[in-house]
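Hi,

Here is the structure I promised to pass on.

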Amino acid sequence: MNKFIFVSGGVCSSLGKGVAASSMAALLESRGLNVRMVKCDPYINVNAGTMSPYTHGEVYVTDDGAETDLDLGNYARFTSVPLSRANSITTGQVYESVIRKEREGRYLGRCVQVIPHITDEIKARIQAVIDGAPDNDIVIVEIGGTVGDIECIPFLEAARQLIMESGRTNAISVHLTLIPIVAEGELKTKPTQHSVKAMQEMGIQPDVLICRAPVLLDEATRRKIALFTNIDNDAVFTCRDIDDTIYEIPQMFYEQKLDQVVLKKLGIEARHAELAQWHSVMERFKSRKGTVKIGVVGKYMDLHDAYKSVYEAFFHAGLECGVEVELVKIDSSRLEEEQPDQVMAAAAASSAASSAASAADGNEGINGILVPGGFGPRGIAGMVNAAAWARKNKIPFLGISLGMHVMTIDWARNVLGWETADSTEFNPDTKYPVVSLIAEQTDVKNYSGTIRLGKGVSVAEPDTLLLKAYGEKTITERHRHRFEFSNMYRKEMKDSGLVLSGFSADGSLVDCIEWPRSGEFGHPWGVGAMFHPEFKSRPTAAAPLFRDFIAAAKSNKGL
């Protein structure tokens, strides 16, 4: 029988359920177990595709084109768990399916209710993940939101039923709560007690408690919590605040024997844990020397999670290149109102670590520029200015999706002299539509159903930075966009020196461009890609383009 671990949260949101669940999965994998992970999101949206990054953070894309919650990105970075649209369940999907079945008469005239019809649909979707993985040992189901939220109730009820149906040795509840510090450094356990009580009122007795706290809980505090929550003394753990990297959390849990307790409760014999890859990550983290400053010029800079996978990919690339990557966040709107030289200098000077380490390296300026993906016209002029600034000043540049669009627009305007060149996304009437919809997309109205979504194959041209990065001609990465490099301008762009370095498998679309490395517009490293390499980046295997971009930034700084 399959084993279930249901991960829930209480007290407040953003405690790190996704990272905790992923770390637990990483430890179980290290013991040779096959794990699957599911995220249940209570929002009524069918998927995250149409949600604002300011509301929800980034949209993580799977190979099969699912637009999902960013926690699936955590699952991918911490584990080898295969992910698809089946691994993301939302209230919108569940109700959409139930209503469709009701309209088709599949409930035989019965009154359709939350219990059993909605909860049965949730359980069926979890079961579908199991059915698709016959070699699976454990399914970890993360329930989004916070216990007590009205929208979480159907998912918690489905969890309760699965726990009862499976038996206590086949399904357990892991609950994550907050232990705050108040006056004079006193840890307060009352919020955790109330959170567990709320779970008990839902009919679920947590088996394991993970307490998010500023410091490691002492034995007396753990015993107090266990006593008032009806949880075993050895099943209360701490996820303390960390100063360095989230990738030390698996080791933190291992030292507290979290995985051993979980396996014991599930009736699984503990096997030897192989943690060599996590030790290697931390060793590389501690051995980094020097700092490179990367200016991230984007539209959603006020919320860190809006570019979560991009920031993680930079960290991974820094590990491989042996340097610390300091992110300098620059709202692209600033570059529309101020001179790029002034904006870049001010941003570099005010960044968090321009102090000792960067000053000692002898170069406190920006060492590389990245323009990430996005949609809509706001801030685009500033991004184009950032690309032009990096090109003229020989600063390494990486453009992802929208970032490749602005590279194309900059080249058309400032090299070819087409001053009104633009994307039809921003100016449908432009005289030079250097970025536009392909014919098959012109009448598409379902923006979440875009044609270029999910896994795609690109072919790298010889003697290009793209081919050098990946080391092979055929590249598989994930896409998320509707607008493309306009084929009608291929010849003019190529004749003017722009390198068209990658194409779709059939050659019909330009997937990657590069600034020339020699001649009048010679540049050390400038690459634009329509795909999103950050989605496949791992702490143990950095995304090739991010790795080479950081290597170029490191060279730019002279490290």
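A word on "buried" before anything else: below, a residue is buried when its relative accessible area is under 20%, and exposed when that area is over 50%. Keep in mind too that this is a predicted model.

With that cut-off, helix α16 (residues 380-392) is mostly covered, as 10 of its 13 residues are buried. Those are Ile 380, Gly 382, Met 383, Val 384, Ala 386, Ala 387, Ala 388, Trp 389, Ala 390 and Arg 391. They pack against β10 (291-298), α13 (334-337), α14 (340-350), β12 (368-371), β13 (397-400) and α17 (402-414). The helix length checks out as well: 13 residues at 1.5 Å a residue should span 18 Å, and the end C-alpha atoms of α16 are 18 Å apart. Just after α16, Lys 394 has a positive phi of about 60°.

Helix α11 (residues 276-286) has Trp 278, Val 281, Met 282 and Phe 285 as its buried residues. These cover an arc of only 90° around the axis, so they sit on the same side of α11. Their packing partners are α1, α3 (71-78), α9 (249-255) and α12 (308-321).

Now the charges. The salt bridge count comes to 32. In one of them, the side chains of Asp 69 and Lys 39 meet at 2.9 Å, N to O. Asp 69 is in the loop between β4 (67-68) and α3 while Lys 39 is in strand β2, so this pair ties together parts 30 residues apart in sequence. Asp 69 counts as buried because its relative accessibility is 7%, and Lys 39 does too, at 3%.

Glu 165 and Lys 123 also form a salt bridge, at 2.8 Å, N to O. Glu 165 lies in helix α6 (residues 153-166) and Lys 123 in helix α5, so parts 42 residues apart in sequence are tied together. Here Glu 165 is exposed, with a relative accessible area of 53%, whereas Lys 123 is buried, at 13%.

A further salt bridge joins Glu 484 and Arg 452 (2.8 Å, N to O), and both of these residues are buried.

Arg 31 is buried, with a relative accessible area of 6%. Its contacts include Tyr 254, Asp 259, Gln 260 and His 272.

Cheers

Note on methods: Residues are numbered from 1 along each chain as its sequence is written. This is a predicted model: local features need pLDDT of at least 70, side-chain atom pairs count only at pLDDT 80 or more; totals for chains, interfaces and linings use all residues. Side-chain values use heavy atoms; hydrogens and water are left out. Buried means under 20% relative accessible area, exposed over 50%, partly exposed in between (1.4 Å probe, protein chains only). Contact means heavy atoms within 4.5 Å. Helices (H or I, at least four residues) and strands (E, at least two) are DSSP runs, numbered from the N terminus. The arc is that of the directions from the helix axis to the C-beta atoms. The expected span of a helix is 1.5 Å times one less than its number of residues. A salt bridge is a side-chain nitrogen of Lys or Arg within 4 Å of a carboxyl oxygen of Asp or Glu. Lists of a residue's contacts leave out its neighbours within four places in sequence.
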